[in-house]
Amino acid sequence: LPTEPPAGRPTIHQWFAGGRRGETAARMAGAIAAGRAANHDTLATAAKCSRNTAVKVAEKYLGPLIRERGEHAGNLPLTTQTVYRWCGEHARYLISWCRRNGHADVLNG
């Protein structure tokens, strides 16, 4: 399970509960964690978002969460591969979160 971030940094739940962008981030994270995404096209299909949105997974949706939680070195680029690895590390929590919050459809189509 993910550890609590240092004080003042967002929890995964707080990020995912933060409106439409949070919901999209949660759906993409769940799809990746469940092994349903291998690239932008499969991510868009699994998360039911546009390809254009899936392309921004590292830049706009999950990358900022990873950085704000202090889970990626600030001097390194945050890539799509970084996001996929992070989702793998947090897979149990992400899958559980999606099940508990009405997004189980992204887990197994």
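Q: How many helices and how many strands are there in the chain?
A: The model is a predicted one, in which local features need pLDDT of at least 70 and side-chain atom pairs count only at pLDDT 80 or more, while totals for chains, interfaces and linings use all residues. Residues are numbered from 1 along each chain as its sequence is written, and side-chain values use heavy atoms, with hydrogens and water left out. Helices (H or I, at least four residues) and strands (E, at least two) are taken as DSSP runs numbered from the N terminus, and the pattern read along the sequence is α-α-α-α-α-α-α-α-α. The count in the chain is therefore nine helices and zero strands.

Q: What radius of gyration does the chain have, and why does it agree with a compact globule?
A: The C-alpha trace spans about 35 × 30 × 25 Å along its principal axes. The radius of gyration is taken over C-alpha atoms, and the globule rule is 2.2 Å times the number of residues to the power 0.38. Because a compact globule with 109 residues would have a value near 13 Å, the chain agrees with the rule at 13 Å.

Q: What percentage of the residues of the chain count as buried?
A: A residue is buried under 20% relative accessible area, exposed over 50% and partly exposed in between, with a 1.4 Å probe and protein chains only. Of the 109 residues of the chain, the share that counts as buried is 46%.

Q: Which residues of helix 7 are buried, and which helices are included in what covers them?
A: Helix 7 covers residues 80-89, and its buried residues are Thr82, Val83, Tyr84, Trp86 and Cys87. Contact here means heavy atoms within 4.5 Å. What covers these buried residues includes helix 1 (12-16), helix 2 (19-33), helix 3 (40-47), helix 5 (57-61), helix 6 (63-68) and helix 8 (91-100).

Q: Which helices are included in what covers the buried residues of helix 8?
A: In helix 8, the buried residues are Ala91, Tyr93, Leu94, Ile95, Trp97 and Cys98. Helix 8 is followed by glycine 102, whose phi is positive, near 80 degrees. The cover of the buried residues in helix 8 includes helix 1, helix 2, helix 7 and helix 9.

Q: With which side chain does the side chain of threonine 53 make a polar contact?
A: Threonine 53 has its place in helix 4 (residues 51-55), and it counts as buried because its relative accessibility is 16%. Leaving aside neighbours within four places in sequence, threonine 53 is in contact with Thr24, Met28 and Tyr61; methionine 28 is 25 residues away in sequence and 9.7 Å away in space, C-alpha to C-alpha. A polar contact is a pair of N or O atoms within 3.5 Å, where within protein one must be able to donate a hydrogen and the other to accept it, and residues adjacent in sequence count only if both atoms are side-chain atoms. At 3.0 Å, the partner of the threonine 53 side chain is the side chain of serine 50.

Q: Is lysine 48 buried or exposed?
A: Lysine 48 lies in the loop between helix 3 and helix 4, and it has a positive phi of about 55 degrees although it is not a glycine. Because its relative accessibility is 56%, lysine 48 counts as exposed.

Q: What distance separates the C-alpha atoms of glycine 109 and alanine 31?
A: Glycine 109 has its place in the segment after helix 9 (105-108), and it is exposed, with a relative accessible area of 75%. Glycine 109 and alanine 31 are 78 residues apart along the chain, and their C-alpha atoms are separated by 9.2 Å.
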